[in-house]
Amino acid sequence: MSDEIGSTLCPVSEETGEDDTKICPIKEEIDKDGRKDKMYGIIIQAIVIYLQETYGEETWEAIRQRAGIEEHSFSLHERYKEDTIVRICDAASRLIGVDRSTIMNSFGDSFVAYVSKYNYDRILKVLGRNLRDFLNGLDNLHEYLRFSYQNIVPPSFFCENEHKMGLHLHYRSSRKGFVHYVIGQIKAVGKTFYDTDIDVKIIKHEESADSSHVIFDLRFQNEGFDTQVNNKIDDKDQFKVPAYFFRNLFPFHIQFKKNMDIVSAGSGLRAIIPNITSKNLLDVFILRKPVFQFNWKNKTRKAKKIMNSAVPIYT
Ligand code: HEM
């Protein structure tokens, strides 16, 4: 395990052995003006309410003091010290006598009910037609939240190895200590919005000084996968469109070869980036989400169903 900042998020290419940090701007974002040191109060507030409602005001006050937290209340859009949640969790664990994983799990679980207070549950309800689409939509959700939480440093999720009874979910974060929070939250989402019980196992857990990468094995009735398999045969013939039609329809499309050379781009992109079709995709774009090395193998293996947001680095 390396101690380098973001080393887990930006691994050295397995194929070429080259440092692929240029494809991972999250590292730069974290380093900029200490944003990584703070976190918005929305999750902390949800935790405080959960502790007050479950264990009473007095217990919360004791936890607050034991955790050395100065604030008596937290605001959604204010930012607080990064370690606030971990400190609350540690103090609560000691005072209530419940282990840290269970406490973090409850924090994640209670967040789903809490966000309905602010109508965020409406967004959650429409994030995906089924659970696996929901999970693949989590990065877009957190990006969308940037409108109201400008300096958010969100986690990143993507699904792979799907089958009828589940999938593997990758969770990457610039933070540590949220693994059981994620489990609690995902289980609550399954139950609340999809009436589905999810069995979650951790199959890989890597942490460096400033990042985590966890792979969860999620077991549930994966309806999204079923639908995809059933539609595959029909799709092929039903939705054939001529290439020129497709290209005109999407002014921001990019078509590229296995070596990542761009062969065609929509009129919108051509207007912004001159001679784009003579360039290599990796010289012109940075893949921001999901966080993985952007090469042909990964693109086809991991990103089939994910909406990738790439930002131009062309100047
Ligand atoms: C509408 C609902 C949601 C809202 C409003 C929301 C908002 C946020 C905000 C503001 C942060 C703090 C980031 C920062 O301050 O830099 C955060 C972090 C986080 N969110 Fe969400 N989120 C929502 C749903 C979810 C869901 C469904 C998951 C699923 C697991 C999730 C997983 C996380 C995790 C694990 C973190 C902790 C930080 C980290 O891992 O880096 N969120 N979220």
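## Starting with "buried"

A residue counts as buried if 20 or more other C-beta atoms lie within 10 Å of its own, as exposed if 12 or fewer do, and as partly exposed in between, with C-beta atoms placed from the backbone. Keep that in mind as we look around this model, which is predicted: local features need pLDDT of at least 70 and side-chain atom pairs count only at pLDDT 80 or more, while totals for chains, interfaces and linings use all residues. Residues are numbered from 1 along each chain as its sequence is written.

## The overall picture

The protein has 14 helices and 10 strands. Both are DSSP runs numbered from the N terminus: helices are H or I with at least four residues, strands are E with at least two. Of the 315 residues in the protein, 29% are buried.

## Helix α5, tucked inside

Helix α5 covers residues 100–114. In α5, the buried residues are I103, M104, N105, S106, F107, G108, D109, S110, F111, V112 and Y114. That is 11 of its 15 residues, so α5 is largely enclosed by the rest of the structure.

How far apart are the end C-alpha atoms of α5? They are 21 Å apart, which agrees with the 21 Å that 15 residues should span at 1.5 Å a residue. The expected span is 1.5 Å times one less than the number of residues in the helix.

## The nonpolar cores

A nonpolar core is a set of buried Ala, Val, Leu, Ile, Met, Phe, Trp, Tyr and Cys residues joined through C-beta atoms within 7 Å. The largest one here has 45 residues, and I47 and L169 touch the most other members. Helix α2 gives the largest share of this core, eight residues. There is also a second, separate core of eight residues, including A265, L269, I276 and L287.

Take a look at L169: leaving out residues up to four places away in sequence, L169 touches L135, F157, C159, F216 and L218. Contact here means that the C-beta atoms of two residues, placed from the backbone, lie within 7 Å.

## Strands side by side

Two strands pair if DSSP finds at least two bridges between them. Strand β6 (residues 211–219) pairs with β4 (residues 166–173) in the antiparallel sense over eight bridges. Strand β5 (residues 199–208) also pairs with β6 in the antiparallel sense, over nine bridges.

Another hairpin is made by β7 and β8, with five residues between them, and M260 in the turn has a positive phi of about 75°.

## Around the ligand

How many residues surround the ligand? There are 25, and the closest are M39, Y40, Y120, P155 and S173.

The shell divides into 20 nonpolar residues, four polar and one charged. In this count, Ala, Val, Leu, Ile, Met, Phe, Trp, Tyr, Cys and Pro are nonpolar, Asp, Glu, Lys and Arg are charged, and the others, Gly among them, are polar.

Methods: Near = placed C-beta within 6 Å.
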